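I opened my notebook and went through the model one piece at a time. These are my entries.

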Amino acid sequence: MSRVVCADVGSTWTKAAVVDLDVGRLVGAASVPTTVTTDVLHGLDAAVAAAVAQAGAVGGDLPWLVCSSAGGGLRLAVVGYEPLVTAQAGRRVGLSAGADVVHVAAGRLGAAELAAVRAARPDVVLLVGGTDGGDADTVTHNATRLARARWRVPVVLAGNVEVRDGLREVLAAAGVPVTVADNVLPRIGVLAPASARAAIREVFLRHVIGGKRLSRGGRFARLVRAATPDAVLTGVEVLADVVGGDLAVVDVGGATTDVYSVLTPDERADGPGREVAGAWWRARTVEGDLGMRWSAPGVVRAAVEERLLDAAGQEVLASAAAVRAADPGFLPVDDEDRAVEGRIAALAATVALRRHARGAVGERAGRDLRDVRLLVGSGGVLRHAGAGAAVGVLAQVLTDHAGGWPVPRAARPVVDVDYVLAAGGLLAGEYPVAAGALLRRHLGGD
């Protein structure tokens, strides 16, 4: 029997799973609090040991595949040519790479704009601008500005290929860590995220993981293969391939609620509504004001704005949300607490899916989710709620007919109780058959 360990070091919990590669099945799983205040390896080793013991294997004999969002994950700033095309394309690519896009700038960087980028404290800057053979002045100006500013945050250069190599030399000569990638928008209407996504992943592994001082020594940096959201999106893509058709995932966390969707490319890409920033068939959005703990008050505010809560409901939930924000370690102890947890989760998921479907501010179009066949729920609040309660949360989302978005017409709700999306994404590179089998078995209905 061939086995592998898949682990995710999150900001709150470290999860480990042992996967049987021959049949694509979980044979052991465990989670422990992330030991971010000491050394994340302490928690990682403990979680793996527990999962391996459950599987009846010897951990030292198994390969490890690890992803991480500890220490705040990957913070990305995008600097583009103008807001509705290249900057928006860069933002989309950053999200698909598992980044928290903390700042988007468009146009030529002046002193104020550069200060705003610095203030956002990015781990990586994605520098884009100009289609291939198009505008070169803006990306040249911005690269030169970063070089003269003695910029030391890693830069991924993914703009007009005609000036890319020259700008790489300018940045490198100034001591800026720079990685080049293909243009994220080679032609108007053509979004090409793969190369930049891979480059961002490389920079995350090479510069960011070690720079967060999550562990002493180099072992943790050597173990980590991807940012957790990047691994999850890869898992979502594999799941879409094995089950066929459109699907969506809503991951309700303590600080953010992430939404992933995979749509089937069709004639909409070439129709009159075609986006100049390119069709976005495999996507992720992050809602930083929606979460179960740190961002719980944001859920209440957003629900009021979306007319999902009346005054009486707001009063009840606002106090409960404040308790959770003040004590991120809060755990429900009775049925009343659990009911409140479910209500906050349902509101967070509903608002996040509304925003994902409508599109971000400044985008020309959102996501058409009418043909979604599978709606997957993830996050600790759903995994620990019990199957019936968790599916009930998703069922509430599917009845959101007043939200101004195309609600899925025939979606089957399912909860990632075993946390296999991240594991499937980690497996996809080296063990694609096992990744597909694992996701089909645990989420696809097999």
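Which residues does L126 touch, not counting residues up to four places away in sequence? I found L76, A77, V78, V79, G90, V93, V156, A158 and I200. Contact means heavy atoms within 4.5 Å.

Ground rules next. I am reading a predicted model, where local features need pLDDT of at least 70, side-chain atom pairs count only at pLDDT 80 or more, and totals for chains, interfaces and linings use all residues. Residues are numbered from 1 along each chain as its sequence is written, and side-chain values use heavy atoms, with hydrogens and water left out.

Helices (H or I, at least four residues) and strands (E, at least two) are DSSP runs, numbered from the N terminus.

**Sheet.** I traced five strands in an open sheet, in the order β3-β2-β1-β4-β10, with mixed pairing. Two strands pair if DSSP finds at least two bridges between them. β3 and β10 (224–227) each have a single partner strand, so one side of each has no neighbour in the sheet. I then checked β1 (residues 3–9) and β2 (residues 13–20), which pair in the antiparallel sense over seven bridges. D8 stands opposite K15 in β2.

**V32.** I found V32 in strand β3 (residues 25–33). Is V32 buried or exposed? V32 is buried, with a relative accessible area of 18%. The cut-offs are under 20% for buried, over 50% for exposed, and partly exposed in between (1.4 Å probe, protein chains only). V32 touches T12, W13, T14, G43 and A47, not counting residues up to four places away in sequence.

**Helix α11.** I tested the span of helix α11 (residues 335–358). Its 24 residues should span 34 Å at 1.5 Å a residue, and the end C-alpha atoms are 34 Å apart, which agrees. The expected span is 1.5 Å times one less than the number of residues. Of the 24 residues in α11, 17 are buried. At its start, a side-chain oxygen of D334 reaches to within 3.2 Å of the backbone nitrogen of E336. After α11 I noted G359, with a positive phi near 100 degrees.

How values were computed: A polar contact is a pair of N or O atoms within 3.5 Å; within protein, one must be able to donate a hydrogen and the other to accept it, and residues adjacent in sequence count only if both atoms are side-chain atoms.
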